[in-house]
Amino acid sequence: MQPNSEECTTGNNSQRAHAAMLRMFSVLIVAWACSIPHACGASDDALWRVHMANIQRSFGMQAAASQGSLHLSRRLNGAGFHQTLDYELRLQQISSKLGCSLSQVVLVQPLPVEVFADPYQLSQLAPLTRLNTSVQGRVDLESPAPVCRPTTLSIQLPKAQLSEQQLHVQVPLHARYPSTVARSGEGVAGSLAKGAWWSGLASGMAEVIFPAPVLLVECASGRQGQDQAVESWHELRATEQAGLVWRVPAGAQDQAEDVNLGTVVSVVVAMVVLLAALLSRDMK
C-alpha cells in the first residue's frame, strides 16, 4: 500500500520541524557557551608544545642544535576584525648570527584564541605569496573565542629568497568575538540617568596579545660560502621592544546577563512561532 501525498507532506513537515528545533537548540548552546571561558581540553602551553612538535616533525627536524633569540619586527595593518600581520625578517642578520648559509627558514607564530588564520584563504594566496603555510589545530571559522582553542601558524619562506638581505612577509588574519570585558565608566544605568543612552550601549575593547614567534632555521654546515651538506636546525625566539596587541571590540560584562537573557528569549519565541506555524499547516 503506497502512502498518499498528504501523509508524505505531513512527514516532511515533521522532519523540517525537528530540524528547526535542532538548529534553535544549537543557537541556545552557543549563546550559553559564549558567556563562559573555554575550560576543557589541554592547556594552551600543552597545545603549543604539541603544535611545535608536529611542525618540527613535518620538516624532518629532530632537535635544535642551538637555541637563541633574535630581534624581529612585526606589525598589524588594517582595521576591524580583518587585518594583515606583517613581518620584516633580516635574513643577512640571521645568517651572520649563526655563521652559515640558510637552507630553510620556517616562521612559527602561535595565535591567541581570539585570532585565526583561514587555511583555505592561505592556500588561495600561495601562488602569489610563494609561502608554504599550514595551521596546527582545529580552525573554527564561525564560533566565538570562548569556545575555541588556540592554533599555531607555520610559514616556510621561499628558498629562492633566502639569500636576500631582508624579506617582508604578510599574512591575513581574522579576529573572533572575544570574551566580555569590563568597561570603565558609569555603565548603562549611569549613562541613562544622564541621558547619554548611546554611551551606555557602547561595547568595550579587548586587548589581544600575540605571543612571540619562533624561527626554525636549517643551516648548512661550515661557514658561509662553503658548499657543504645541510646538517643542523636552530631555534630562535623572536624578541621585540613592544609586544604586539590587537584591540578587538568586545561585549561589556555589565551587559552580559541582559544580552544572554534577551538571546534566549528571542530564540525560544522564534522556535515557538515556527513550530506553531508548521503544526497549524499540518492540521489544515
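Let me start with Glu 207, which is exposed, at a relative accessible area of 54%. This is a predicted model, so keep that in mind throughout. Glu 207 and Arg 247 meet through their side chains in a salt bridge, 3.1 Å from N to O. Where do Glu 207 and Arg 247 lie? Glu 207 is in strand 9, residues 204-209, and Arg 247 is in strand 12, residues 245-250. The pair therefore ties together parts that are 40 residues apart in sequence. Arg 247 counts as partly exposed, because its relative accessibility is 45%.

How many salt bridges does the structure hold? The structure holds 4. I will show two others.

Take Asp 44 and Arg 149. They form a salt bridge, with the closest N and O atoms 3.7 Å apart. This pair links distant parts of the chain. Asp 44 sits in helix 2, and Arg 149 sits in the loop between strand 6 and strand 7 (151-156). They are 105 residues apart. Asp 44 is partly exposed, with 39% relative accessible area. Arg 149 is partly exposed too, at 23%.

Now Arg 138 and Asp 140. Their side chains meet in a salt bridge at 3.6 Å, N to O. Buried or exposed? Arg 138 counts as exposed, at 67% relative accessibility. Asp 140 counts as buried, at 18%, because the cut-off for buried is under 20%. As background, side chains of opposite charge can pair when their charged atoms come close.

Next, the disulfide. The structure holds 1. Cys 100 and Cys 219 form it, and their sulfur atoms are 1.2 Å apart. Cys 100 lies in the loop between helix 3 and strand 4 (102-111), while Cys 219 lies in strand 10, residues 214-220. So the pair ties together parts that are 119 residues apart in sequence. Cys 100 is buried, with a relative accessible area of 2%. Cys 219 is buried, also with 2%. One more cysteine to mention: Cys 148 counts as buried, at 4% relative accessibility.

Which residues in helix 3 are buried? They are Leu 91, Ile 94, Ser 95 and Leu 98. These residues cover an arc of only 95 degrees around the axis, which puts them on the same side of helix 3.

Gln 92 counts as partly exposed, at 31% relative accessibility. From C-alpha to C-alpha, Gln 92 and Ser 163 are 7.5 Å apart in space, yet 71 residues apart in sequence. After helix 3 comes Gly 99, and its phi is positive, near 70 degrees.

Staying with backbone angles, look at Arg 130. Its phi is near 60 degrees, a positive value in a residue other than glycine. For context, most residues other than glycine have a negative phi. Where is Arg 130? Arg 130 is in the loop between helix 4 (119-129) and strand 6 (132-136). Arg 130 is exposed, with a relative accessible area of 53%.

On to the aromatics. The structure holds 3 aromatic pairs. In one of them, the rings of Phe 59 and Trp 233 have centres 6.5 Å apart and planes at 55 degrees, so the pair is tilted. That pair links distant parts of the chain, 174 residues apart. Phe 59 is in the loop between helix 2 (44-58) and strand 1 (66-71), and Trp 233 is in strand 11, residues 230-239. Phe 59 is buried, at 18% relative accessible area. Trp 233 counts as buried, at 7%.

Another aromatic pair is Phe 81 with Tyr 177, tilted, 5.3 Å centre to centre and 55 degrees between the planes. Phe 81 lies in the loop between strand 2 (73-79) and strand 3 (82-89). Tyr 177 lies in the loop between strand 8 (167-175) and helix 5 (187-193). So this pair ties together parts that are 96 residues apart in sequence. Phe 81 counts as partly exposed, at 21%. Tyr 177 is exposed, at 59%.

Last, the surface. Which residues make the nonpolar surface patch of about 360 Å²? Leu 261, Val 265, Val 269 and Val 273 do. Val 269 lies in helix 7, residues 256-283. Val 269 counts as partly exposed, with 46% relative accessibility.

Methods
Residues numbered from 1 in each chain as written. Predicted model: local features only at pLDDT ≥ 70, side-chain atom pairs only at ≥ 80, totals over all residues. Heavy atoms only, no water. Patch = residues over 30% accessible without salt bridge, like charges linked within 9 Å, V, L, I, M, F, W, Y side chains within 5 Å. Areas by Shrake-Rupley, 256 points an atom, 1.4 Å probe, with all protein chains shown as cover. Helix = DSSP H or I, 4+ residues; strand = E, 2+ residues; numbered from the N terminus. Buried < 20%, exposed > 50% of the residue type's maximum accessible area, 1.4 Å probe, protein only. Phe/Tyr/Trp six-rings, centres within 6.5 Å; stacked < 30°, edge-to-face > 60°. Arc of directions from axis to C-beta. Disulfide = S-S within 2.5 Å.
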